[in-house]
Amino acid sequence: MIIILKENANKNDYDSLIGMLTDRGVKVSGINGVNHNILGLVGDTSKLDIDLINAQPVVERVQRVQEPYKACNRQFHPEDTVIDVSGRIIGGNHVQIIAGPCSVESEEQIISTAEAVKKAGATMLRGGAFKPRTSPYSFQGLHEEGIRLLLAARKATGLPIVTEIMSAEHLDLFADIDVIQVGARNMQNFELLKQLGRSDKPILLKRGLANTMEELLMSAEYIMAGGNSNVILCERGIRTFETYTRNTLDISAVPLLKQRTHLPVVVDPSHATGIASLVEPMSLAAIAAGADALEIEVHCNPSKALSDGAQQLKPEKFEEVMKKIKPMIEFCGKELG
């Protein structure tokens, strides 16, 4: 990090700034330029408050020369991280397909869907027991009963489970869940992220509706700073001015995140578009862009789904999509599952 000082800076203000910085454990080196004086900071600058520094009377502006995230930064961890989820490898040369309904609605519904997606080639099961909804009057999920039904579906099919957590108070309910998902609305729920950092569970962290990639990586940093390195990033579409789709799938996020971080990257084409007919082309695009996994919503009867029916595939359509996905995975030099 470098700090560019104003011309004719007051010495007392200058000394006060130097004292503030050294008190925070960084080494300060001064560089005298023709038009400006510059301070170079060496050490862990990730904890420095840039806004506070900018507010100092002698400071003209502050510039970072290195990203504020460390644990998830590829510069400090050049090799790809691979995460083992009950024998399914996420990252590296593998591609996982996480499929299932938006919401767990009944035992028959979740088990029949789990059996259908497994038959088609899915390697993991997704399903929402806790559902964050925009309207308080919409179906909010079955909660504890939903967790029990997901575990029953895993027992019936052997598929590892991915399901979303809403609050740190529910962590005990997720003791037997294979992957804990943090939804877009909770991406910056920092107290929840801190608690998940103390867990050893793989965490699938979804990008927020209007968050930058750096903000996503900083949220991942919260989890990793707590000691949990099993973080999986998920691009699920961001809110833009476009109205033809539910969100806009930022496909460029996949290769960009791959450049910036060593963590696996998942794409959710269902939430990204909100339209079932777009799931197939967006899935193929995501694999081509380098995604390590896809998260696809599948429901045996989408027209009667209690949430997000418009974006969920019928099992027979999911089977067709899988027939297109498998050759794309092979073409990209990877393997399914």
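**Exercise 1. Which residues does Ser307 touch, not counting residues up to four places away in sequence?**

Before we start: this is a predicted model, in which local features need pLDDT of at least 70, side-chain atom pairs count only at pLDDT 80 or more, and totals for chains, interfaces and linings use all residues. Residues are numbered from 1 along each chain as its sequence is written, and side-chain values use heavy atoms, with hydrogens and water left out.

*Solution.* 
- Step 1: find the spot. Ser307 sits in the loop between β14 (293-297) and α10 (315-331). Helices (H or I, at least four residues) and strands (E, at least two) are DSSP runs, numbered from the N terminus.
- Step 2: list the contacts, meaning heavy atoms within 4.5 Å. Ser307 touches Cys102, Ser103, Glu105, Lys131, Arg133 and Gln312.
- Step 3: pick out a polar contact. That term means a pair of N or O atoms within 3.5 Å; within protein, one must be able to donate a hydrogen and the other to accept it, and residues adjacent in sequence count only if both atoms are side-chain atoms. The side chains of Ser307 and Ser103 make one at 2.5 Å.
- Step 4: check burial. Buried means under 20% relative accessible area, exposed over 50%, and partly exposed in between (1.4 Å probe, protein chains only). Ser307 has 2%, so it's buried.

**Exercise 2. Describe how α3 and α4 pack.**

*Solution.* 
- Step 1: get the geometry. Helix α3 (residues 107-120) and helix α4 (residues 144-157) have axes 9 Å apart and pack at an angle of about 35°. Axes are lines fitted to C-alpha atoms, for helices over the stretch in contact, and angles run from 0 to 180 degrees between N-to-C directions.
- Step 2: name the residues. From α3 come Glu107, Ile110, Ile111, Ala114, Glu115 and Lys118; from α4, Arg148, Leu149, Leu150, Ala152, Ala153, Ala156 and Thr157.
- Step 3: sort them by class. This contact has 8 nonpolar, 1 polar and 4 charged residues. Ala, Val, Leu, Ile, Met, Phe, Trp, Tyr, Cys and Pro count as nonpolar, Asp, Glu, Lys and Arg as charged, and the others, Gly among them, as polar.

**Exercise 3. Work out where Thr245 lies and what it reaches.**

*Solution.* 
- Step 1: Thr245 is in the loop between β12 (231-235) and α7 (253-260).
- Step 2: leaving out residues up to four places away in sequence, Thr245 touches Thr273, Ile275 and Leu278.
- Step 3: the side chain of Thr245 also reaches the backbone oxygen of Asn247, at 2.6 Å.
- Step 4: Thr245 and Gly274 are 29 residues apart along the chain, yet their C-alpha atoms are separated by 6.2 Å.
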